[in-house]
Amino acid sequence: MKVGDLVELSASGKKLQLNEHAMAKIGLVTHRYGWGESAYVQSGYRNATWGDPDTYCLDILWSGTSDLVYSHPRNDLKHAK
């Protein structure tokens, strides 16, 4: 996925209660974190990339959430249809 793609929650993303804000919504990818870049989460900053090239963190602007951006791991998302 790249910046500008439209996404929705994947099956695994829908199973997580912490993703309730994004249920049945479409999101816009606003940032893809590079290797070693940190993402801010509620508990502070954390490494946004891991060893597997398919596992990386994305910032998503969800429809209906004004200007609030949420960070999600790649496996929580899929391209919107």
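Biologist: How many bridges join strand E1 to E2, and in which sense do the two run?
Modeller: Strand E1, residues 6–9, is joined to E2 by 2 bridges, and the two run antiparallel. Strands are DSSP runs of E with at least two residues, helices are runs of H or I with at least four, and both are numbered from the N terminus. Two strands are called paired if DSSP finds at least two bridges between them.

Biologist: And what sort of model is this?
Modeller: It is a predicted model, in which local features need pLDDT of at least 70 and side-chain atom pairs count only at pLDDT 80 or more, while totals for chains, interfaces and linings use all residues. Residues are numbered from 1 along each chain as its sequence is written, and side-chain values use heavy atoms, with hydrogens and water left out.

Biologist: Fine. Which residue in E2 is the bridge partner of Val 7?
Modeller: The bridge partner of Val 7 in E2 is Gly 27.

Biologist: What does the chain have overall, in helices and strands?
Modeller: There are 1 helix and 7 strands, and from the N terminus the elements follow the order β-α-β-β-β-β-β-β.

Biologist: In what order do the strands of the open sheet stand?
Modeller: The open sheet has 5 strands in the order E6-E5-E2-E1-E7, and their pairing is antiparallel. Strand E6 (69–73) and strand E7 (77–79) have a single partner strand each and stand at the edges, so one side of each is left without a neighbour in the sheet. Neighbouring strands are turned against each other by 50 degrees on average, direction ignored; the axes behind this are lines fitted to C-alpha atoms, for helices over the stretch in contact, and angles run from 0 to 180 degrees between N-to-C directions.

Biologist: How many bridges do E2 and E5 pair over?
Modeller: E2 and E5 pair over 5 bridges in the antiparallel sense, and within that pairing Val 29 has Ile 60 of E5 as its bridge partner. Ile 60 also has a bridge partner in E6, namely Tyr 70. Strand E5 (residues 57–62) is joined to E6 by 5 bridges, again antiparallel, and Asp 59 has Ser 71 as its partner in E6.

Biologist: Is E5 mostly covered or mostly open?
Modeller: E5 is mostly covered, since 5 of its 6 residues are buried, where buried means under 20% relative accessible area, exposed means over 50%, and partly exposed lies in between (1.4 Å probe, protein chains only). For the chain, buried residues make up 35% of its 81 residues.

Biologist: What about the hairpin of E5 and E6, which residue there takes a positive phi?
Modeller: In that hairpin, with 6 residues between the strands, Gly 64 takes a positive phi near 80 degrees. Ala 24 has a positive phi too, of about 60 degrees, although it is not a glycine. Ala 24 sits in the loop between helix H1 (11–14) and E2, and with a relative accessible area of 87% Ala 24 is exposed.

Biologist: Switching to polar groups, what does the side chain of His 72 contact?
Modeller: The side chain of His 72 makes a polar contact of 3.5 Å with the side chain of Asn 19. A polar contact is a pair of N or O atoms within 3.5 Å, where within protein one must be able to donate a hydrogen and the other to accept it, and residues adjacent in sequence count only if both atoms are side-chain atoms. His 72 lies in strand E6 and is buried at a relative accessible area of 1%.

Biologist: And Asp 76, where is its place?
Modeller: Asp 76 is in the loop between E6 and E7, and it is buried, with a relative accessible area of 6%. The side chains of Asp 76 and Asn 19 are joined by a polar contact of 3.4 Å.

Biologist: Last one, how far apart are Ala 80 and Leu 28?
Modeller: Ala 80 and Leu 28 are 9.6 Å apart in space, C-alpha to C-alpha, and 52 residues apart in sequence. Ala 80 is in the segment after E7 and counts as partly exposed at 25% relative accessibility. Leu 28 belongs to strand E2 (residues 27–32) and is partly exposed at 33%.
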